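Please examine the sequence and the model shown below. The paragraphs that follow lead from the overall layout to individual residues.

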Amino acid sequence: MSQSVTTQTEQGLYINPEALTAHLPELHYQNNTLHMEQVSITEVVKHYGTPCYVYSKQAILDVYQAYTDSFASLTHQICYAVKANSNLAVLGVLAQAGAGFDIVSRGELMRVLAAGGEATRVVFSGVGKTYSDIEYALNQGIGCFNVESISELTLINEVAAQLDKSAPISLRVNPDVDAKTHPYISTGLKDNKFGIAHEDALVVYQQAAKLSHIDIVGIDCHIGSQLTEVAPFVAALDKVIELVHSLRKAGIELRHIDLGGGLGVRYIDETPVSIDEFANALLPKLSELGLTVFFEPGRSIVANAGVLLTKVDVLKPTEHKNFAIVDAAMNDLIRPALYQAEMAVIPNVLPSNGINTESTEPWDIVGAICETGDFLAKDRLLSLSTGDILAITGAGAYGFTMSSNYNSRPRASEVMVADDRHQLIRKRETVEALYADEVLWQG
Ligand SMILES: *Cc1c(COP(=O)(O)O)cnc(C)c1O
């Protein structure tokens, strides 16, 4: 019988570490100590200190494989969305597995190439591509530009003409469907800045067809992130299919359809659709089309492959609240502050007398930054002592990539584990490096 993961009491939220990890790939307790694959987290902390991001290679590969297996009946390409986690080791593992990539900047393309990825398997999304971004991507042989406006289309044609190349493009259409997710990560509504309105798409495609250095290859949409239901994906697909048919009638033949990313994950006790259910809902409609299918998953591939490890530095009980000040902060992990994201915080070592809500107290897990918004979790029932190591789970996506140096804090180290091996994949920054490029005023 599976234990329930959470208990909400008047005092706060209790998350059962063992029940939680039962739902997380490659994370488990062994001798009361947290392990990722066969590596003890205590060992990782001893080698690399805290705060530290740790990723499981196997967990990443398993989700990637689940996508390719679920869509095996169709010609398809999984383009991992680099912005979720752009560490070279993560990109390299996925490149080796055959993944393509979805990028939103020239910098991300450079990372993909440095990690051994192929430009021909890369799609370039984003609303603000510049002349030099486009030039660089064309020179590298980019697979497709996902075009978000008419002015971008004109610019791509211009750059391609200068280089005497033909630019492969899709239009990113905005299907105007409600992804039912946090407003900051909803992208497929009329009033979002993304894409070309569904009703304008046919005309823009016809314009594109007349441009000398544009090669129309596909159609694209991406409606948001952390979607837990399949209905918005199906609604978006229906709208895109409608367009594919109108385009055919107008004599514009596509080679691929790109449904973006956005599949949600279970952070604590959410119940997102599985990759299989997702595939089963879309496959019948997709197989009729006869087009290659692209997906751009980011979060779902890496979120639960990673944890952020942090040490309890100070315990500060006050009359109204107890604060546990840890050595990670909003600069390391901004999701709770930016999106009100609830992430699980679990101890590295379980109390030997077992776990129960009685031995716990409610804590706000906060960083040392001078902002009230600097919290990682609120009102959590935990049993804490200074020096304890905590793991924030689900931290593999939009964790390190959104981190900053606010308060002159060097960014965390990153580690990858595979089987019983661990390896540093990004050194902890030094404070000196933070100001190495700064210059005193000369005068
Ligand atoms: C962010 C983004 C993705 C990935 O979204 P996830 O929710 O991480 O899967 C895919 N495509 C585009 C265009 C994006 O902006």
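Which domains does the domain assignment give for the protein chain? The structure is a predicted model, and its chain is assigned domain 1 (6–56 + 303–434) and domain 2 (57–299). The centres of domain 1 and domain 2, taken over C-alpha atoms, are separated by 32 Å. Across the boundary, 34 residues of domain 1 make contact with 23 residues of domain 2.

The interior may be considered next. In soluble globular proteins, nonpolar side chains tend to be buried together. In this model the largest nonpolar core has 136 residues, and the members that touch the most others are Phe145, Ile169, Ile219, Ile257, Leu286 and Ile365. Helix α9 (residues 231–249) gives the most to this core, contributing nine residues. Both domain 1 (6–56 + 303–434) and domain 2 (57–299) supply residues to the core, so it lies between them. Another core, apart from this one, consists of five residues, including Val123, Cys144, Val217 and Phe294.

Ile219, with its neighbours within four places in sequence left aside, is in contact with Ser170, Leu171, Val173, Tyr205, Val240, Leu243, Val244, Leu247, Leu254, His256, Ile257 and Asp258. Leu286 is found in helix α10 (residues 275–289). Is Leu286 buried or exposed? Its relative accessibility is 0%, and because buried means under 20%, Leu286 counts as buried. Beyond its neighbours within four places in sequence, Leu286 is in contact with Phe71, Leu74, Leu237, Ile257, Leu259, Val293 and Phe295. Two packed helices are described by the angle between their axes and the distance between the axes. How do helix α5 (residues 106–114) and helix α6 (residues 131–140) cross, and at what angle? Their axes come within 10 Å and cross at roughly 25 degrees. That angle makes α5 roughly parallel to α6, and α5 passes α6 in a left-handed crossing. On the α5 side the contact is made by Arg106, Leu109, Met110 and Leu113, and on the α6 side by Ser132, Asp133, Tyr136, Ala137 and Gln140.

A second pair is formed by helix α3 (residues 57–70) and helix α4 (residues 88–96), which pack at an angle of about 45 degrees with their axes 10 Å apart. This makes α3 oblique to α4. The crossing in which α3 passes α4 is right-handed. Lys57, Ile60, Leu61 and Tyr64 of α3 make the contact with Val90, Val93 and Leu94 of α4.

The backbone deserves attention at several loop positions. Most residues other than glycine have a negative phi, and most peptide bonds are trans. The peptide bond from Thr50 to Pro51, however, is cis, with omega near -10 degrees. Pro51 is placed in the loop between α2 (41–48) and β6 (52–56).

Gln340 belongs to the loop between α12 (335–339) and β18 (345–347), and it is exposed, with a relative accessible area of 56%. Ser408 likewise is not a glycine, yet its phi is positive, at about 50 degrees. Ser408 is found in the loop between β21 (389–393) and β22 (413–418) and counts as exposed at 52% relative accessibility.

Two further loop residues complete the account. Thr360, in the loop between β18 and β19 (361–366), is buried, with a relative accessible area of 10%. Not counting residues up to four places away in sequence, Thr360 touches Tyr14, Leu381, Leu382 and Ser383. Lys180, by contrast, is exposed, with a relative accessible area of 55%; its place is in the loop between β11 (167–174) and β12 (196–197). Lys180 and Ser151 are 29 residues apart in sequence, and from C-alpha to C-alpha they are 30 Å apart in space.

Definitions and conventions
Residues are numbered from 1 along each chain as its sequence is written. This is a predicted model: local features need pLDDT of at least 70, side-chain atom pairs count only at pLDDT 80 or more; totals for chains, interfaces and linings use all residues. Side-chain values use heavy atoms; hydrogens and water are left out. A nonpolar core is a set of buried Ala, Val, Leu, Ile, Met, Phe, Trp, Tyr and Cys residues joined through side-chain atoms within 4.5 Å. Buried means under 20% relative accessible area, exposed over 50%, partly exposed in between (1.4 Å probe, protein chains only). Helices (H or I, at least four residues) and strands (E, at least two) are DSSP runs, numbered from the N terminus. Domain bounds come from an automatic or database domain assignment. Contact means heavy atoms within 4.5 Å. Axes are lines fitted to C-alpha atoms, for helices over the stretch in contact, and angles run from 0 to 180 degrees between N-to-C directions. Angles under 35 degrees count as roughly parallel, over 145 as roughly antiparallel, 65 to 115 as roughly perpendicular and the rest as oblique. A crossing is left-handed if the near helix is turned anticlockwise from the far one by less than a right angle, and right-handed if clockwise.
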